Every structure is written in structure tokens, then in C-alpha cells.
Amino acid sequence: MGINEIIVVDATCDRYGDFVQAAQAGEVGLHFCVDGRSAVRLARRFRADAWLVAAELPDMSGFDLLDMLSPHVLQGDVDPLLGGASISLDRVGHGRHAGIFIVSDSYRLEDEQRALASGVAGYLVRPITLDVVRATRTPAEPAVTV
């Protein structure tokens, strides 16, 4: 389990320094798409553990992209019936499936509600770090009562 492959869909790629450093250290595989159309093409042939989709893209809204990505990206713990493309990750079919996160420059309640209603894994506001994404994809430990 964990985050091994991340796809960032954002025209401004320099906002993800923490992710780039982790990729350079060999901790994660990192892939960038600068617009929605390239993200859909990548989703057809590759599955990632997490998708970070900017709320605003050069060619469409990140929310509009969700409808196009969903048939290709499995939403872990949200809708296990959605199909996804074959993957080349180490543990195919094990652990949690990919999750899409909408990433925004500033918090807007209506955007958070829209994102969560669409079934994404989460709504994040910049700045974000790899640790934040990992924490949202790690199952919570059961509470221990004494």
C-alpha cells in the first residue's frame, strides 16, 4: 500500500517541488500533464496511485476533467465498480486503487462540495506536500480503547 505513482495535471508544474524532490530521490514515480486532454490520454494507458488535478486547466475546468477521467481511473473506497486500464505497478490488484484529488489555489466551499459530491478522493488547497497526499491515502488506524 502507499503512493508509488503520482500524476499531476496542472499547467503550473513548479508548484510541486516536494513531489519532484521525492521523485528525484526514487521515492515515487511522478508524471506531469499540462492540460486535460493529455491527462485523458495518459489515463487510458497508465494507472497511478494518486491524481492531483488543478481546479483550473488551460483547456477545461478540472471538474469537467473528472467526468473524462473517471471511466479510466479507479476511485479507491469510493466506487470500486469503475474500470481502469492495466497498470505496471509492483502490486497490481492489491491495496487501494487510485484516487483523484482536486487541487485549488484558494479554498471555496462550493468547490469542495462539488469535488466531494463527484466522488473524488479529496479536495486540497495549495500549498500541498507529498505527506499530505500520503496521509489521505493511508487507512486510519483503529482507535484502541483501554
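Which residue forms a salt bridge with Asp-10? Select Asp-10 and Arg-126 together: they are the pair, and their closest N and O atoms lie 2.4 Å apart. A salt bridge here is a side-chain nitrogen of Lys or Arg within 4 Å of a carboxyl oxygen of Asp or Glu.

Before moving on, note that this is a predicted model, in which local features need pLDDT of at least 70, side-chain atom pairs count only at pLDDT 80 or more, and totals for chains, interfaces and linings use all residues. Residues are numbered from 1 along each chain as its sequence is written, and side-chain values use heavy atoms, leaving out hydrogens and water.

Now colour by secondary structure, with helices (H or I, at least four residues) and strands (E, at least two) taken as DSSP runs numbered from the N terminus. Asp-10 sits in the loop between strand E1 (5-9) and helix H1 (17-24), while Arg-126 is in the loop between strand E5 (122-125) and helix H5 (130-137), 116 residues apart. Asp-10 is buried at 3% relative accessible area, and Arg-126 is buried at 14%. Buried means under 20% relative accessible area, exposed over 50%, and partly exposed in between (1.4 Å probe, protein chains only).

Next, select Arg-134 and Glu-27, a salt bridge at 3.7 Å between the closest N and O atoms. Arg-134 belongs to helix H5, and Glu-27 to the loop between H1 and strand E2 (29-33), 107 residues away. Arg-134 is partly exposed at 26%, as is Glu-27 at 44%.

Then try Arg-108 and Glu-110, whose side chains meet in a salt bridge at 2.6 Å, N to O.
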